[in-house]
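This briefing sets out selected backbone and packing features of the structure below. It is arranged by topic for use alongside the coordinates.

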Amino acid sequence: MIRVAINGYGTIGKRVADAVAAQPDMKVVGVSKTRPSHEAYVAKQRGYPLYIADLAKKGDFERAGIPVAGDVEDMLKAADIVVDATPGGVGKKNRALYEKHGVKAIWQGGEDHEVAGFSFNSDCNFPDAVNRSFTRVVSCNTTGLCRIIKAMDREFGVKNVRAVMVRRGGDPGDIKRGPIDAVVLNPVTIPSHHGPDVQTVLPHVNIVTLAMIVPVTMMHMHVVQMDLEKTPTREQVIQIIERHPRMGLVRKSTGITSTAELKEYAMDLGRARSDLWENGIFEESVSVIGNELYLFQAIHQEADVVVENIDAIRAMTGTVTDAAKSIEMTNKALGFTPI
Ligand SMILES: NC(=O)c1ccc[n+]([C@@H]2O[C@H](COP(=O)([O-])OP(=O)(O)OC[C@H]3O[C@@H](n4cnc5c(N)ncnc54)[C@H](OP(=O)(O)O)[C@@H]3O)[C@@H](O)[C@H]2O)c1
C-alpha cells in the first residue's frame, strides 16, 4: 500500500483524501489543518489521523473534541508521498520540509511550475512522472485544456488553440471571494497565464488564452477554438470525447445547457459531492468549420485535478508505469460512470 499524507485538508485536500482512501493500492496516513473547522470534524469521522501545522494550537483542537496525532513533520515520517493542497503560495514554503524528510511531494496549480520543475497531466505526460520526487499537478483550468488539446492533437494535430476561460468567482463554500455583481477581466491583458501553463505540459502547442471571472461558484466554462492539421468530421470529434476516460459528453438529449443543470445532473447521478472529474463537453457545441474546431466545456474546478493527483501518486512511486492502467484504476475506484 502506498502511504499518502495530505498536507492541507480544504477544497482539494479533502477530495484527494477520499479519492486515496477509495483506491485499492493506497492509504491515507494523515491529513493536516491549521484550525478546528468543520473539515476537521469530517476528518475525525472518516478516521483520518489529523496533524496540525503548529503544535501550539493542539489545545484548540482538543477542546473542540478533535484528537491531534502530531505535527506535519510527524505526518511526513509516516508517509511515502505527500500531496500538498495548502493554499497557493504556501506550498512552496513546504518544499524544504519534504526534502528534509525524504518524502516525495505533489503540489497543486496554485504554485508555480518551478516548485517541482515538472508539471503533470495524466493523459499528456504520465511516463515522465515515473519515479520522480517532485511533481506539480496543473490547475483545474489547465487540466481541462490539456485533456481536450492532447486528445485532438493525437488524432488530428493541433496548429493553434484560442480559448476563453469564464471562471467562477469562488468555490461554493468560500465566503471570502467575489465578484458579487461584475464581470472582472482577469487579467485585462492578453494572454492570461493559462496558455503558458498549458505549455508547461504540452510545450509544442501554440496557444493564446483570455480569462474573466464571473459571480458564480459551481464551475468554469471554456470557449475553445482550435486550428487542426487534418480536417476531422464532427462525428470523429464526438467519438474521441465519448471514448476518453476523462472527458464526458453533455448530450443534447439531456437538455442541459448550463453549469447549474450539469452540477444538478451529477448530484442526481449520485456522484460524491456532485463532483465531475471529467471535462463536461456540450455535444451541441461541437462544431467543425473547415479545419477549425469549436466547443464549450464546463470544468468542475474542485474535482478535475483530484483524479490527476491519484495518477501522479502511482507514477511517482513507480507502482504503475502505464497511464491508461492508472487512469482506469482511479476511475473504477471512484465509481466513474459516463455522464
Ligand atoms: N479550489 C479550487 O477550485 C482549486 C482547483 C484546482 C487547484 N487548486 C489549488 O489547490 C491548492 C489548494 O486550494 P484549495 O482551494 O483546496 O484551498 P483551501 O480550500 O483554502 O484549503 C487549503 C487547506 O490548507 C490548510 N492550510 C492552510 N495553511 C496551511 C499550512 N501552513 N500548513 C498546512 N495546512 C495549511 C487549510 O487549513 P485551515 O482551514 O485549517 O487553515 C485548508 O485546509 C491551491 O494551490 C489551489 O490553487 C484549487
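Gly335, the residue that follows H12, has a positive phi, near 75°. The model is a predicted one.

**Helix H12**
- H12 comprises 12 residues and spans 17 Å from its first C-alpha to its last, close to the 16 Å expected at 1.5 Å a residue.
- Its buried residues are Ala323, Ser326, Ile327, Thr330 and Leu334.
- Viewed down the axis of H12, the buried residues fall within an arc of 100°, and therefore they line one face of the helix.
- Ala324 and Lys332, on the other side of H12, are exposed.
- The packing partners of the buried residues of H12 are H1, H6 and H11.

**Domains and their contact**
- The domain assignment divides the protein into domain 1 (2–138 + 305–334) and domain 2 (140–299).
- Between the C-alpha centres of domain 1 and domain 2 the distance is 26 Å.
- Domain 1 contributes 19 residues to the contact, and domain 2 contributes 17 residues.

**Ligand shell**
- The ligand is surrounded by 28 residues, of which Gly8, Gly10, Gln108, Gly110 and Gln301 are the closest.
- H1 supplies the largest share, 3 residues.
- By class, the shell holds 8 nonpolar, 15 polar and 5 charged residues.

**Backbone of the loops**
- Most residues other than glycine have a negative phi, and most peptide bonds are trans.
- Gly178 and Pro179 are joined by a cis peptide bond with omega about 10°; Pro179 sits in the loop between E9 (158–168) and E10 (184–185).
- The peptide bond from Ile190 to Pro191 is also cis, with omega near 5°, and Pro191 belongs to the loop between E10 and H8 (194–199).
- Arg273, in the loop between H10 (259–268) and E14 (279–282), has a positive phi near 55°.
- Arg273 counts as partly exposed because it has 15 C-beta neighbours inside 10 Å.
- Ser274 lies in the loop between H10 and E14, and its phi is positive, near 55°.
- With 19 other C-beta atoms within 10 Å, Ser274 is partly exposed.

Note on methods:
Residues are numbered from 1 along each chain as its sequence is written. This is a predicted model: local features need pLDDT of at least 70, side-chain atom pairs count only at pLDDT 80 or more; totals for chains, interfaces and linings use all residues. A residue is near a molecule or strand if its C-beta atom, placed from the backbone, lies within 6 Å of it. Helices (H or I, at least four residues) and strands (E, at least two) are DSSP runs, numbered from the N terminus. Ala, Val, Leu, Ile, Met, Phe, Trp, Tyr, Cys and Pro count as nonpolar, Asp, Glu, Lys and Arg as charged, and the others, Gly among them, as polar. Domain bounds come from an automatic or database domain assignment. Two residues are in contact if their C-beta atoms, placed from the backbone, lie within 7 Å. The expected span of a helix is 1.5 Å times one less than its number of residues. A residue is buried if 20 or more other C-beta atoms lie within 10 Å of its own, exposed if 12 or fewer, and partly exposed in between; C-beta atoms are placed from the backbone. The arc is that of the directions from the helix axis to the C-beta atoms.
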